[in-house]
Protein chains: 2
Amino acid sequence: MATTLEPIEASMATPETSVKYVYSFGGGKAEGNGKMKDVLGGKGAGLAEMTNVGLPVPPGFTIQTEACREYMKGGKTSTAVQKEMLAALKQLEELRGKKLGAPSDPLLVSVRSGAKFSMPGMMDTILNLGLNDQSVKGLAERSHNERFAYDSYRRLIQMFGNVVLDIEKSEFEEVFDGKKHQRKVKLDTDLTAKDLQEVIEGYKKLVKKHTKRDFPQDAVEQLSMARDAVFRSWNNDRAKHYRRMNNIDDAIGTAVNVQSMVFGNLGDTSGTGVGFTRNPATGAKEFYGEFLMNAQGEDVVSGIRTPVPIIGLQEIMPHVYEQLRAITTKMENHYRDMQDFEFTIEDGQLFMLQTRNGKRTGRAAVRVAIQMVEEGLISKEDAVMRVEAIQLNDFLVPSLEEKGVKIEVLSKGLPASPGAAVGQIVFSADEAVAKVQKDKAAQVILVRGETTPEDIHGMEVAAGILTSRGGMTSHAAVVTRGMGKCCVAGAGEIEVDEKKREMRVKGKVLKAGDWISLDGISGRVINGKLNTNPARTDDPELMKFMSWAEPFRKMGVRANADIPRDAKQAAAFGAEGIGLCRTEHMFFAEDRIGHMREMILADNEKDRRAALKKLLPMQRSDFAGLFTALDGYPITIRTIDPPLHEFLPKREDLMVQIAQLEITKPKSPKLKELRHLLSRVEQLHEQNPMLGHRGCRLGITYPEITEMQARAIFEAAVQVTKKGIKAKPEVMIPLTTSLKEMKNQADIVRRVAAEVFEEKGVKVEYMVGTMIELPRAAVVADEIAKEAEFFSFGTNDLTQTTFGFSRDDVGKILPTYFELGILKQDPFAQLDQEGVGQLVKMACEKGRSTRPKLKLGICGEHGGDPSSVEFCARVGLNYVSCSPFRVLIARLAAAQAGLAEKTGSAEAGRSK
Amino acid sequence: MATTLEPIEASMATPETSVKYVYSFGGGKAEGNGKMKDVLGGKGAGLAEMTNVGLPVPPGFTIQTEACREYMKGGKTSTAVQKEMLAALKQLEELRGKKLGAPSDPLLVSVRSGAKFSMPGMMDTILNLGLNDQSVKGLAERSHNERFAYDSYRRLIQMFGNVVLDIEKSEFEEVFDGKKHQRKVKLDTDLTAKDLQEVIEGYKKLVKKHTKRDFPQDAVEQLSMARDAVFRSWNNDRAKHYRRMNNIDDAIGTAVNVQSMVFGNLGDTSGTGVGFTRNPATGAKEFYGEFLMNAQGEDVVSGIRTPVPIIGLQEIMPHVYEQLRAITTKMENHYRDMQDFEFTIEDGQLFMLQTRNGKRTGRAAVRVAIQMVEEGLISKEDAVMRVEAIQLNDFLVPSLEEKGVKIEVLSKGLPASPGAAVGQIVFSADEAVAKVQKDKAAQVILVRGETTPEDIHGMEVAAGILTSRGGMTSHAAVVTRGMGKCCVAGAGEIEVDEKKREMRVKGKVLKAGDWISLDGISGRVINGKLNTNPARTDDPELMKFMSWAEPFRKMGVRANADIPRDAKQAAAFGAEGIGLCRTEHMFFAEDRIGHMREMILADNEKDRRAALKKLLPMQRSDFAGLFTALDGYPITIRTIDPPLHEFLPKREDLMVQIAQLEITKPKSPKLKELRHLLSRVEQLHEQNPMLGHRGCRLGITYPEITEMQARAIFEAAVQVTKKGIKAKPEVMIPLTTSLKEMKNQADIVRRVAAEVFEEKGVKVEYMVGTMIELPRAAVVADEIAKEAEFFSFGTNDLTQTTFGFSRDDVGKILPTYFELGILKQDPFAQLDQEGVGQLVKMACEKGRSTRPKLKLGICGEHGGDPSSVEFCARVGLNYVSCSPFRVLIARLAAAQAGLAEKTGSAEAGRSK
């Protein structure tokens, strides 16, 4: 049979024997090191590095990513991996003087995922592994705390049952809550050791029911199963979703870290916490973090209990606090970047569980970068590369408009992610998505007790997030900061009732659909719908940072703007001209649409010209405004692009109206009028308007439209020139597919220009070029360049036709495509470099083969996407053009591209 | 100013002096020769050749095509051309012993266009040039025929006024008819010399009125102006239209032939005619033609008078007849092809005006080719190249079904173009076009007194043409033969009243809209609507011809067929398999659409699977039928392709129905049902369905559909295999853009195949491949080829997305594009080799770089277009697939491509 399937089983049976699968660490030395992120993952490399540096890291070993990749291919772990793991376990047992699963003083381990890139809250973790019916007794004895031992065992079975055996969490919770109900207690901690033993019995029944076998008592079997579950968790939906959002390769896999457990819940001299060496929200140089006494790590990050600021540790355990400060400072200096760390205190002894470069807001990223330069820790080049371009969005987030408004503060929570958000309350992620799907313009605030990875789809569409539980490092806080979205977390006064779909605060009840406003800087939750103010762009740190970046930038940055206000805004952000002015937007204005319809409904050229004559002065004054706003900068003006029926009422609406009138008022003169209108709409109706009578096809069939537009452009240019303003029009012909189309329209533009200059006695410098937005234009770009003085890539349309994806309809397909991993990114948001990008590259090369100095730009949405900007720099574009609010981002991305080219680095703009 | 316009004026001012612009012929020798078609045009080269061979050609000179090209660029004729022309004129005057425009015995000349390729009736011609108020008297004296002289002068002013000065013909006709009316005569010939002198005065006033100056009396000025008018006529609408239809380059320009006039209208011993050395309709070896005594050439071809068969000349002037036969036979042997010639007899003396390779029907082309091989005139290779592949359509034209039908023959005309046509009468080209635009399925017969080049747009859309005047070489006859369209010409009994929109024959009146049937073989015009029979493909001459062609064919030919009947038809035409079976067509059948809708309306996978289960046995039996019909041949089956809403009622129809019911029967249960249906239709509604949820996107979001189809395919294959039939399924995934999509679907197909083979205990050889029909697929073809075992180019969709042209909507744009010369061909009919073709080529190369033996085919409409087939051969496709009725054409085109490759000729299939 003719198939191309690889004989996978065969290749699995003979893994390369030279691969080392397991790397031990502990006892002051590690087999790996901090540079081995590809092999050990970020966490594993960090543990090795920390161990080597001499930090108090609980010993353990890392199973490397290759084992995960092999598991994904073959569906099982090879004997080679198993063998090395057992050897490492033996070494660990010797180091700790304990044995995994031993009846007395047992060794317990944690099993955690750890990929090359951080994926917070996305991967499954198992703690307390090694406990069984016997060793639990040993632990009780050793810790003098029977309740703790059984609680640990209970937790193990629950985590193991959920993560490894795929049993719903809720089923365990039912058992647990049943016991609490039976004992009539509220808090988990009110249950006794005996109660927990009964809970454990219930859990074990649950396991038996679901898996038809007992909870594994053999500790090594537990370990093997947990390891494989971590491998599998690489491909769970949350993980795939996170990777897609963060552009992480699906194929790299995760490592597994097996590490001795240390316990923060052994009593009042134990505790656990997380922290940052600097403030991740503001960038301020302050020791920053949270901890909980008598708790395990997950209690801090899950948001179930609200943790205490780390400064509190100074009072409780001053020695440990100082030790922690010293260690983390050492780490920051070692890594030359802000550190995000986890620690546990077991019976007064400090252990470092993890340290890594910390995620931060855009504002914090800029401030930290600047301060580290000033501290002599990093170079300016390092600083420029340290900030992801997209993070500059943080400087562009709005703030609440409070002037002259009476403000009712409902509560104050933690300012977990900056900005402001105003919207209608929703209480579930699904509700958020449904509301936005129904109305694209809907603004919603997702209100939850706490968020979990299952809420991500709702968080994506929400304007902001409010939680009543959880701290600055809770799931909601971390994820929203990554998204650049406003979040107020841990607003404990607020009682969120997700079932009743209401929240109660200070005796007030707010229902789903009510409006609230969030202030992500102060943490205030405000009743009602406030207005927001755009960001200030003259932030001094931002300006300093950009002044460092700019010298590396080789590519120009322009903005897409249709009106003077947007043009001015763009200039304020540093735009060096307009890359796309869509002239048709001007026609939708109320005072113009009438003339536009008149033009469209005209049966002949004469009537059409009459209507166009009325539009001429309006367009002329539009252009004069733009030239004036961007005195001296080039402005690319695109001739009319959309199909004409967009300016007319909808066909189906007319049909329904007519059907109704035919029954109710068959003699109405309105009916005749509507029928006439419908007949014209029918003439203009198209099956696939995106592929229809639009772009230069309009200007070719109705040359009088191009003439009018050209006249408006050049008359405006002459007019402002007489006032001493420098106009630089670049007339852009849309949707060309051939030299002949280009020439047809360019001839009109050049003729009209000559006429206007002759009439007015003034000449203005100008160019005529085209958008390259259809595959054929890319293929014959060498031909088109004979007439076109510049190309601007219309990557929205080019993506549509290259993929055969309608932008309006692709929403039906993308979710499935993301889920199946067929697409990783929305190609309309991030340029598809392998497909669409190849056509862009081809067009650049072909165009310049005809006209070596051909000016090249991009004006699709991709012009503001950092990775796309980097691509544009690589293929030699002269400029990118994006929406005004993306100009800053594009400038930084372009600078990073320039720097990357200089240093030969391929990873511009990635601080991961 | 930054523009790219060439300084045209400057380049015009300094033409290359080495160019020879004017070539004389006459007196037994010519400066040019028959091979110089590029330079002299077909007619000019022919005149030179005929002169050199020693034929009695009236002397003259040819102004070469370069002069036309320069004129088109610069808008005027250079002094260099003018100078050479005057020198040639002087030589001509010396040769004839006459002087152009001289008061006594003046030289008169004709001025004709003559491009490289024949463009019958398309270019303007001026006769009798050299006449003025003085020389007309000299002509009268010399010819002893005052009436003839003034009639010639009258004709000159009319033609010159129309062609050179752009005055409407009708204005001259008004003056002429006014005079007839005044003299109360019916025939032109009833007007006396004096009458004609008065007509001339009227004509001259007309010229003065329109041009503000007198009709030019200076003969050289007449000549210069006429020459430039011929140059300009190259770009008139008719000429451009003809070139587009015949794929002739707009840039090549025409030559101008200036030739001494000889007169066929000097009295009863004068005459003029046209002829062919063989019958151009049937190919029979018979001397074939028509003539008129006492007439000028245009009288014969214009169809105004019905000419006499050429055999009649044998009686009137036996000596001239024999001389003509001898000359034309000599010419046929010289050119080794059937000749089309024009002659004039002046006072009993024969002149040959023109000879060229004659246009012929497909049947004639095949017969002539065979006979010439048998006569030893040409080789078999020559024969294969002599027939344009598209001409085989003539063998595929239908015939009237006459069995058991009472036939009322209205009249019998000339069988001008073969086939049969049935349709409703229309009396104008505009009416024909309007009717077909309104209803694409409309069949119309265009009925005219005679057709003119202005009727072409109507002739294109008509099923057949009927004229009451004109012969086998009339405009209608020539053009319809070129189109392969049925025509009955010169049905003189029929009185066509275009104003009243009726035709009268034998006391019967037929109105516009009445049905008639035409028999293009017998020339019968039949009342009413007959049925037609498809063509017989076992024509012995066709079979012989194809048997000569086949050995040169290297590329396979398959057919696109969805049902066994079509598959068998295709096999009868020689198809070697099915290149495209569209499975969705099976779903539109009445007994299936219900299940299909059930499947679409299902809310969940379970219900969808239930509905699919009902469709499974139906599809299985479809496939079993196909496998059986094409036992042993490969069958490419495409999984479901169109968007699902195509299977549901139209959205706007539902909206209107609901709006109506809401008013008339607001409580009807039907209303609820319709609303439910509409809501699902709304969900599936797409702005641009062509770019929407279709192709493999359906199979990916609903894998159960692909599963069902794969199961049906393999179960059918197994079922027929058990009966001893060899099934060769090739499962084709539509609309892929990436390897991952391909793999997703291929995995399903291969899994189901393995399941079915396991269940049934039989294995069947199969392949899984994809359509390449989106630009991205071409760009990443090397990736896709990792999974795809074959590619089939879906050039319909590829053309849509490469151009950004919706096939459904492009009709609104194409007419303007043709008119402006932006497009020469409908890219959906003939593959756009420069654009779309380059993507095809890229995909071939990339695909084979991954999989050297990758099977490549094409299944778009282009698979049946000869020039596209040639392209496919050139880029290395393994086969083309086309509609069953195109299989013969594709086979010949493929053979010609193979032969062209062998001989290194670039002009396969062109007998021009």
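1. In this predicted model, β10(A) and β11(A) form a hairpin with 2 residues between the strands. A:Asp347 sits in the turn and has a positive phi of about 50°. The two strands, residues 339–346 and residues 349–357 of chain A, pair in the antiparallel sense over 8 bridges. Within this pairing, A:Phe341 stands opposite A:Thr355 of β11(A).

2. In chain B, strand β12 covers residues 339–346 and pairs with β13(B) in the antiparallel sense over 8 bridges. One bridge can be named here: B:Thr344 has B:Phe351, in β13(B), as its partner. Strand numbers should be read with the chain letter: residues 349–357 are β11 in chain A, while β13 of chain B is given as 349–357.

3. The chain B pair belongs to an open sheet of 5 strands with antiparallel pairing, in the order β11-β10-β9-β12-β13. Which strands lie at the edges of this sheet? They are β11 (308–309) and β13 (349–357) of chain B, and each of them pairs on one side only.

4. Chain A has an open sheet of 6 strands, again with antiparallel pairing. Its order is β2-β1-β3-β6-β4-β5. The edge strands here are β2 (29–30) and β5 (126–129) of chain A, each pairing on one side only. Inside the sheet, β1 (residues 22–26) and β3 (residues 60–63) of chain A are joined in the antiparallel sense over 4 bridges. A:Tyr23 stands opposite A:Thr62 in β3(A).

5. Salt bridges over all chains come to 150 by the rule applied. One of them joins the side chains of B:Glu450 and B:Arg469, at 2.8 Å from N to O. B:Glu450 is in the loop between β18 (444–448) and α17 (456–461) of chain B, and B:Arg469 is in the loop between β19 (464–467) and α18 (475–483) of chain B, so this pair ties together parts that are 19 residues apart in sequence.

6. On the interface: the contact between the chains takes 70 residues from chain B and 71 residues from chain A. About 6000 Å² is buried between the two chains, and 61% of that area is on carbon and sulfur atoms.

7. How many salt bridges are there between chain B and chain A? The count is 4. In one salt bridge, the side chains of B:Glu652 and A:Arg651 meet at 3.0 Å, N to O.

8. Several helices of chain B give two or more residues to the side that touches chain A, among them α23 (651–664), α24 (669–684), α27 (739–760) and α32 (836–850). The largest share of this side of chain B comes from α23(B), with 8 residues. By residue class, the side of chain B that touches chain A divides into 27 nonpolar, 23 polar and 20 charged.

9. As for symmetry, chain B can be laid on chain A with an RMSD of 0.2 Å, by a turn of 179° and a shift of 0.0 Å along the axis. The two copies are therefore related as by a two-fold rotation axis. In chain B, B:Asn688 has the C-alpha nearest the axis, 2.1 Å from it. Both copies use the same surface, since 100% of the contact residues of chain B recur in chain A.

Notes: Residues numbered from 1 in each chain as written. Chains lettered and ligands numbered in written order. Predicted model: local features only at pLDDT ≥ 70, side-chain atom pairs only at ≥ 80, totals over all residues. Heavy atoms only, no water. Contact = heavy atoms within 4.5 Å. Buried area = accessible area lost by both parts, 1.4 Å probe. Nonpolar A, V, L, I, M, F, W, Y, C, P; charged D, E, K, R; others polar. Least-squares fit on C-alpha atoms with pLDDT ≥ 70 in both. Pairing = 2+ DSSP bridges.
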